[in-house]
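Trainee: Before I use the labels attached to this model, I would like to know what each of them rests on. Could we go through them one at a time?

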Amino acid sequence: MTIILLLVGLGLTVLGADWLVDGASAIARKAGVSEFVIGLTVVGFGTSCPELVVSLTGAIQGNADISIGNVIGSNIFNALFILGITAVIMPVSMTNENRRRDIPVTLAVSVILVLFGMSRTLLGIGGDDNLSRSEGIFFLFLFGVYLYACFRFDSKEKNDMPDHKNMRLPLAIIAVAAGLAGLIFGGDLLVDSATDMARSLGLSDKFIAITILAGGTSLPELATCIVAAAKHRNQLALGNILGSNVFNILLILGCSAVITPLSFRGMSLVDSAVLIASSVMLLLWAYTGTKCRIDRWEGALMLLAFGAYYYYLFEKL
């Protein structure tokens, strides 16, 4: 039965990603905005729903480690593993706006999170590091500004590839909604069944948490990016990851911190360094190799960095 649920979850995830990419691309054409902005907002928010549910639940229950760990782990997984594997499949192109504005914004948001959350540790002052309610409100304010800027300053660079399906707007909206539902429910089934199988094999809860559950909430981003790369929708893939990472920090941690101050006790300087380094690598790739593109070899380096970080985590178990 567990294997059947695993296969059903996998099928829903793949189908959901396919519907989401087609629907989001059609909406971008009909609404007159770029695929990148659709990926940054609609798709980015939709694929961040699992992180939102997990982090808010953790905050309501007073478990800050769940909220913080889920977002930090997901952002590292998104930037290093998902974009890395996407670039290996198909080099991910960037626009000038991506490298001058969007990637630096993602980096800045990550730096702000570390500075706010780990200020005492960084300054060598005693006491607990935490993200306060006032800082959570500030994050939500930044999130509002970010959303406004996304649409206000959209370059409207369209993907020149023809829309083979020529989907009508109502059908495109239904496809996006159905795709998101498939991703969320399929991903949930996949994570639950994989966790049951891992426990039946005698694997520890810590191992399961770091591997299956940490990557589980990022399954929607993974499926969406791979499908987008296969369909040559590079801007949708890049927008999905950058949007998800900004949403995770500003919206999800902002809301969670307003509910209850979030302690950074469980977050090490290594975790912070890897979080920031993942955005720095994206900015570096924008100006090296083939400019304005993440090449296959650069994607492979991101996967190596991700593997090294996970090896470090396993060594700490």
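Mentor: Let us begin with the salt bridge, which is a side-chain nitrogen of Lys or Arg within 4 Å of a carboxyl oxygen of Asp or Glu. This is a predicted model, in which local features need pLDDT of at least 70 and side-chain atom pairs count only at pLDDT 80 or more, whereas totals for chains, interfaces and linings use all residues. Residues are numbered from 1 along each chain as its sequence is written, and side-chain values use heavy atoms, with hydrogens and water left out.

Trainee: What makes Asp102 and Arg101 a salt bridge?

Mentor: Their closest N and O atoms are 3.0 Å apart, and the limit is 4 Å, so the pair qualifies. The structure holds two salt bridges, and Asp295 with Arg293 also forms one, at 2.7 Å from N to O.

Trainee: Why is Asp102 called buried?

Mentor: Buried means under 20% relative accessible area, exposed means over 50%, and partly exposed lies in between, with a 1.4 Å probe and protein chains only. Asp102 has 9% and is therefore buried, while Arg101, with 29%, is partly exposed. In the other pair, Asp295 is buried at 5%, and Arg293 is partly exposed at 31%.

Trainee: How do you know that the length of helix 11 agrees with its number of residues?

Mentor: Helices are DSSP runs (H or I, at least four residues), numbered from the N terminus, and the expected span is 1.5 Å times one less than the number of residues. The 26 residues of helix 11 (residues 234-259) should therefore span 38 Å, and its end C-alpha atoms are 36 Å apart, which agrees. Helix 11 also bends by about 35° at Asn248, the bend being the angle between axes fitted to the seven residues ending there and the seven starting there.

Trainee: What makes a set of residues a nonpolar core?

Mentor: Such a core consists of buried Ala, Val, Leu, Ile, Met, Phe, Trp, Tyr and Cys residues joined through side-chain atoms within 4.5 Å. The largest nonpolar core here has 56 residues, and those with the most contacts inside it are Leu113, Leu131, Ile294 and Met302. Helix 11 gives the most to this core, with 12 residues.

Key:
Helices (H or I, at least four residues) and strands (E, at least two) are DSSP runs, numbered from the N terminus.
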